[in-house]
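Please look over the model shown here together with the notes that follow.

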Amino acid sequence: MLPGVAMASGSSAVRPMITAGPGLSAAMPGAWTQALMAKKKKKKSAKGTLTPEAAEPKRDAIRAAVASDVESESWDAAASETETNAALLGDPISYQEAAEFRYKQAEADRDVDAAKQGIEDAQIALDILHYYDAVASGEASSNWKVIDPSSAGSLIFDTEALIARTEELIEEIESDDDDVGSGAGAGAGKATKERKKRETKPGTVMIAVGSAATLIGAGGLSMVGAGMAISAQKQNEVEEQVLPDDQDEVTRLDREGNQANLIAYIGAGVAVAGLGAGITLIVIGAKRRKEAGNGPSSASLQVVPALSRRFSGLAVRGRF
């Protein structure tokens with residue numbers, strides 16, 4: 001059992017028992033008072049609570065527990081250990097990392113079962129992430145925040161991409177098995193495999209280019225927001241100055257405000273061009289794929305906020 005994770009599941013370290021005896025007061029002044037105070041504080045602490053900051057070292061402990069397996073590329077062992085500790089912590093990121101280990105195991109061993117287990121891990125991560133996404137939107141509440149709820153949107157996007165990548169690997173492995181089992185010659189089998197690798201679904205290039213353009217456009221929107229916020233801040237600071245005594249400060253603030261406005265203008269242009277071209281290409285690509293019989297019955301595209309303690313911006317996710 002991983003020490004850091006055991007604490008995440010509600011267990012606590014065993015406290016040494018204090019017994020009365022000669023010289024106790026001299027050796028440990030106020031020991032009984034300190035023990036009673038610690039006990040009272042423990043009773044006041046809320047049960048079943050966790051902050052993202054407190055969860056991070058526990059997640060690091062999970063990673064440290066499998067570091068040697070990862071280094072030696074023992075993907076099965078790394079995945080199994082991570083799955084166990086992810087369940088104890090209820091951590092979607094650890095489940096996602098376990099799914100990555102299963103993917104590498106399946107890729108190295110050509111093991112469909114490992115790939116399917118990876119998809120199961122990723123699906124569990126998705127279930128948890130969608131819950132935290134609801135917490136971020138105010139539709140649900142939780143005291144156990146193993147991640148920052150505002151980061152759930154971008155993590156959902158990454159996990160869905162991992163599932164799609166794993167499904168493609170399963171198709172590739174099964175295709176290889178079919179080629180081997182067909183009894184064809186080695187040369188013919190190799191040629192068939194190469195032809196299948198070169199095949200692309202209709203609309204794939206348009207969707208890929210459109211997605212890239214859309215992400216650029218989303219970045220432009222972030223520039224607009226940042227520029228407007230800075231400009232408004234500088235304007236408020238200008239209004240607090242007293243002329244003519246603060247003329248130099250007003251000049252500096254005006255210059256910084258103009259730079260912020262320029263950032264917003266540039267971002268607006270990037271957003272219009274990127275989103276306009278990107279979404280159009282995605283829609284056309286999805287339509288072509290659907291007409292070819294390769295698309296799902298429904299398609300969707302979302303631009304969602306991607307926020308965390310380390311970054312802020314937008315993410316694009318969709319199903320085609």
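1. Helices are DSSP runs of H or I with at least four residues, and strands are runs of E with at least two, numbered from the N terminus. This is a predicted model, in which local features need pLDDT of at least 70 and side-chain atom pairs count only at pLDDT 80 or more, while totals for chains, interfaces and linings use all residues. Residues are numbered from 1 along each chain as its sequence is written, and side-chain values use heavy atoms, without hydrogens and water.

2. Helix H12 (residues 247–291) gives the most to a nonpolar patch, namely three residues. The patch consists of Met223, Leu262, Ile263 and Ile266, which together have about 330 Å² of accessible area on the surface.

3. The structure holds 13 salt bridges, each being a side-chain nitrogen of Lys or Arg within 4 Å of a carboxyl oxygen of Asp or Glu. One of them joins Glu249 and Arg252 at 2.4 Å, N to O, and these two are about one helical turn apart because they lie three residues from each other in helix H12.

4. Arg59 and Glu56 also meet in a salt bridge, at 2.7 Å from N to O. Arg59 counts as buried (under 20% relative accessible area, with exposed over 50% and partly exposed in between, using a 1.4 Å probe and protein chains only), at 3% relative accessibility, and Glu56 is buried with 18%.

5. Arg102 forms a salt bridge with Glu83, with the closest N and O atoms 2.9 Å apart. This pair links distant parts of the chain, since Arg102 is in helix H7 (residues 92–109) and Glu83 in helix H6 (residues 75–89), 19 residues apart.

Terms used
Patch = residues over 30% accessible without salt bridge, like charges linked within 9 Å, V, L, I, M, F, W, Y side chains within 5 Å. Areas by Shrake-Rupley, 256 points an atom, 1.4 Å probe, with all protein chains shown as cover.
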